[in-house]
Amino acid sequence: MASDYRIGSFNIQKLGRNSMLRKDLKNIAEIIRSNNLDIVAAQEISSKEALREIMVCLDGSIVSEGVSATSNARDSFSYETRNWEGRWAKPISRIGGKSAEEGYAFIWLKRRIGLPINKHGDTGEPDIYLNGRKTIRPPFYGCFVVKSCNAEIRLINTHIIFKKSPTEDSEFEGESSDNDYEERIREYKILANEIYQRVYAGHIGTKQVLTFILGDYNMCLQNSNSSNLRAVMPIEVQRLEYGKHVIKTIQDQKTTIKGRSRKNPETIYYGEDNLANNYDHFSYEEKLEDSIGIIGKRIDAENLYQGKYQELQDANSNTLRNQYEAYRMLISDHLPIIMTLSITKR
């Protein structure tokens with residue numbers, strides 16, 4: 001009999017010490033709870049305090065906290081509640097200064113998911129994967145034990161940098177050059193061809209090992225009908241052959257939310273027209289589909305503000321015009337994505 005496990009990826013735009021005062025942290029926690037997520041990989045968590053507050057909203061109080069046992073991060077921290085556990089880490093960016101470093105987090109449900117423990121009793125903590133500093137913003141990887149069966153889920157949490165600039169890349173998503181695009185392709189190939197293979201191959205033992213790249217790739221899949229045509233992933237990269245391996249990327253729904261048009265601020269978008277690009281994905285070795293079920297899709301979390309946006313105003317005292325504007329202001333310019341794994345007990 002197969003059991004379903006749900007893994008989320010969530011770019012929570014610029015969530016830090018100051019910005020969390022303006023964010024709807026209760027609804028961020030509600031997205032995690034209501035979608036029954038077992039593990040969440042988050043991007044753009046720029047402070048440990050932001051992760052702490054999300055976990056408080058999830059479970060009420062922190063029962064344990066402290067510096068986590070990572071070795072490759074500029075800074076890292078761990079939090080634990082009665083039902084949830086989380087890790088936060090800030091990578092050291094190769095270029096772009098501290099604005100490019102941002103931060104990553106993992107959150108998981110303790111009754112279903114745990115961290116691996118080796119024969120010496122040491123816990124396998126999530127850590128930043130440096131890979132000889134080949135990536136501009138190195139990923140945050142973690143190994144997670146599935147408690148109901150002999151399986152281990154290994155996640156490579158990434159936010160591929162959009163623009164090689166000291167200024168934060170998310171502010172310039174319409175202005176990248178061909179060189180920036182080639183850099184994103186190069187970084188993804190390093191993630192898929194080098195980091196993925198090494199994370200997958202390490203200490204397999206008798207466990208069923210399920211390895212995934214996930215996060216904000218700042219690239220769109222071929223059939224996503226995205227606005228940014230200069231960020232479309234080539235088909236030979238979308239299904240990337242590496243020796244005997246094929247790494248496949250899924251989730252072709254749009255995930256980024258448009259802001260108000262600067263040229264035409266009165267323009268109102270309707271439904272899917274509020275969405276711009278398909279930047280958030282899952283990637284994995286294609287042969288995994290022979291042994292488990294894998295479904296990836298967008299979470300339409302903007303519906304949390306359906307019927308409530310009329311009561312809200314933006315920083316310029318403009319009344320919000322739909323739930324997408326409310327979500328973009330209070331949570332993120334990205335909608336989260338979810339991957340459901342159907343794993344058979346062994």
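## T249 in strand 13

T249 belongs to strand 13, which covers residues 245–250, and in this predicted model T249 counts as buried at 4% relative accessibility. Two polar contacts involve the side chain of T249: one joins the side chain of S283 at 2.6 Å, and another is made with the side chain of Y188 at 3.0 Å. Setting aside neighbours within four places in sequence, the residues in contact with T249 are Y188, Y217, L221, M233, Q238, H281, F282 and S283.

## Q43 in strand 2

Strand 2, made up of residues 39–45, contains Q43, a residue that is buried with a relative accessible area of 0%. The side chain of Q43 is joined to that of S9 by a polar contact of 3.2 Å. When residues up to four places away in sequence are not counted, Q43 touches S9, F10, N11 and I12, and also G103, Y104, N157, T158, H159, G215 and D216.

## Helix 5 and its surroundings

Helix 5 comprises residues 323–330, and because 6 of these 8 residues are buried, the helix is largely enclosed by the rest of the structure. The buried residues are Q323, Y324, E325, A326, Y327 and L330, and they pack against strand 1 (2–15) and helix 1 (25–34). At the start of helix 5, the backbone nitrogen of Y324 has a side-chain oxygen of N322 within 3.0 Å.

E325 also forms a salt bridge with R260, in which the closest N and O atoms are 3.4 Å apart. Since E325 lies in helix 5 and R260 in the loop between strand 13 and strand 14 (280–285), the pair ties together parts that are 65 residues apart in sequence. E325 is buried, with a relative accessible area of 15%, whereas R260 counts as partly exposed at 28% relative accessibility.

The loop between strand 15 (293–298) and helix 5 holds D314, whose side chain reaches the backbone nitrogen of N318 at 2.8 Å. A polar atom of the D314 side chain also lies 2.9 Å from the backbone nitrogen of N316. Not counting residues up to four places away in sequence, D314 touches R260, L320 and M329. The C-alpha atoms of D314 and A326 are separated by 8.5 Å, the two residues being 12 residues apart along the chain.

## Other salt bridges

Side chains of opposite charge can pair when their charged atoms come close. The structure holds 21 salt bridges, one of which joins the side chains of E194 and K134 at 2.9 Å, N to O. This pair links distant parts of the chain, 60 residues apart, with E194 in helix 3 (residues 178–201) and K134 in the loop between strand 8 (127–128) and strand 9 (140–146). Both partners count as partly exposed, E194 at 21% relative accessibility and K134 at 36%.

The side chains of R52 and E53 meet in a salt bridge of 3.9 Å, N to O; R52 is partly exposed with a relative accessible area of 26%, and E53 is partly exposed with 27%. A network of salt bridges links R17, K48 and E49.

## Cysteines

The structure holds 0 disulfides. C143 is in no disulfide, and the nearest cysteine sulfur, that of C149, is 15 Å away. Seen from C149, the closest cysteine sulfur is in C143 at 15 Å, which is too far for a bond. C143 counts as buried at 18% relative accessibility, and C149 is buried with a relative accessible area of 12%.

Key. Residues numbered from 1 in each chain as written. Predicted model: local features only at pLDDT ≥ 70, side-chain atom pairs only at ≥ 80, totals over all residues. Heavy atoms only, no water. Buried < 20%, exposed > 50% of the residue type's maximum accessible area, 1.4 Å probe, protein only. Helix = DSSP H or I, 4+ residues; strand = E, 2+ residues; numbered from the N terminus. Contact = heavy atoms within 4.5 Å. Polar contact = N/O pair within 3.5 Å; in protein donor to acceptor, adjacent residues only side chain to side chain. Disulfide = S-S within 2.5 Å. Salt bridge = Lys/Arg side-chain N within 4 Å of Asp/Glu carboxyl O.
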